[in-house]
Amino acid sequence: MNREEKVRVIESLTAKLRVGSAVLVDYQGMDVARSTDLRRRSRESGVDFVVAKNTLTKRAADEAGVEGISEFLVGPTALAFSEDPVASAKLMAEFADQVESFALKGGLLEGGRVLGEAEVVALSKLPGREQLLAQIVGGISSPLTGLVTVLNNTVQGLVVALGQIAEQKQSAEQS
């Protein structure tokens with residue numbers, strides 16, 4: 001890799017470290033079929049799977065102002081970047097369960113918070129961003145639906161009561 005390529009890799013990693021979250025993994029011993037499967041699943045999940053030299057990753061982390069990931073940059077290390085931290089953690093944890101030679105090392109959340117392996121596993125068990133948004137919308141709309149139902153029933157009850165009063169008056173007038 002020449003100097004220009006290294007500079008491009010560092011710039012790309014720096015930008016990704018500043019913007020999103022990352023999960024660091026040990027991919028040593030993966031065969032080509034598993035690697036291809038991981039890359040395909042990463043693309044489908046909106047996760048950017050990057051293999052880069054540890055020295056370039058360290059430089060990018062320094063430029064991005066990220067501290068504390070040097071301890072994870074030992075041996076073969078790949079990074080899974082995504083805007084949704086749960087998506088990358090979920091995919092990498094799932095893959096680590098399926099492939100013996102694939103292991104989680106740690107992670108990084110937006111804002112520079114470094115996570116250990118156990119924290120990445122815990123993060124992977126959370127519902128995804130889309131599911132959380134759906135739960136929030138459901139939680140907000142549920143009371144509103146109840147209010148509309150109560151108001152509708154109140155108006156309907158008033159109409160029924162007025163109808164009964166009208167019937168009673170007509171009966172009284174006819175008698």
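I began with I136, which I located in helix α6 (residues 129–174). Helices here are DSSP runs of H or I with at least four residues, strands are runs of E with at least two, and both are numbered from the N terminus. The model is predicted, so I noted that local features need pLDDT of at least 70 and side-chain atom pairs pLDDT 80 or more, while totals for chains, interfaces and linings use all residues. Residues are numbered from 1 along each chain as its sequence is written, and side-chain values use heavy atoms, without hydrogens or water.

I looked up the exposure of I136 and found a relative accessible area of 49%, so I136 is partly exposed (buried is under 20%, exposed over 50%, partly exposed in between; 1.4 Å probe, protein chains only). Together with L133 and I140, I136 makes a nonpolar surface patch of about 280 Å².

Next I searched the whole structure for aromatic pairs and found one. The ring centres of F95 and F102 lie 5.1 Å apart with planes at 75 degrees, so I recorded the pair as edge-to-face (centres within 6.5 Å; planes under 30 degrees apart are stacked, over 60 edge-to-face, the rest tilted). F95 is buried at 0% relative accessibility, and F102 is buried at 2%.

Last, I examined helix α5 (residues 117–124), where V120, L123 and S124 are buried. Their directions from the helix axis to the C-beta atoms fall within an arc of 100 degrees, so these residues line one face of α5. They pack against β1 (21–26), α4 (85–98), β4 (103–108) and β5 (114–116), contact meaning heavy atoms within 4.5 Å.

Definitions and conventions: Rings of Phe, Tyr and Trp (its six-membered ring) pair if their centres lie within 6.5 Å; planes under 30 degrees apart count as stacked, over 60 as edge-to-face and the rest as tilted. Patches are made of residues with over 30% relative accessible area and no salt bridge: like charges are joined within 9 Å, nonpolar side chains (Val, Leu, Ile, Met, Phe, Trp, Tyr) within 5 Å. Accessible areas come from the Shrake-Rupley method with a 1.4 Å probe; for residues, only the protein chains shown count as cover. A salt bridge is a side-chain nitrogen of Lys or Arg within 4 Å of a carboxyl oxygen of Asp or Glu.
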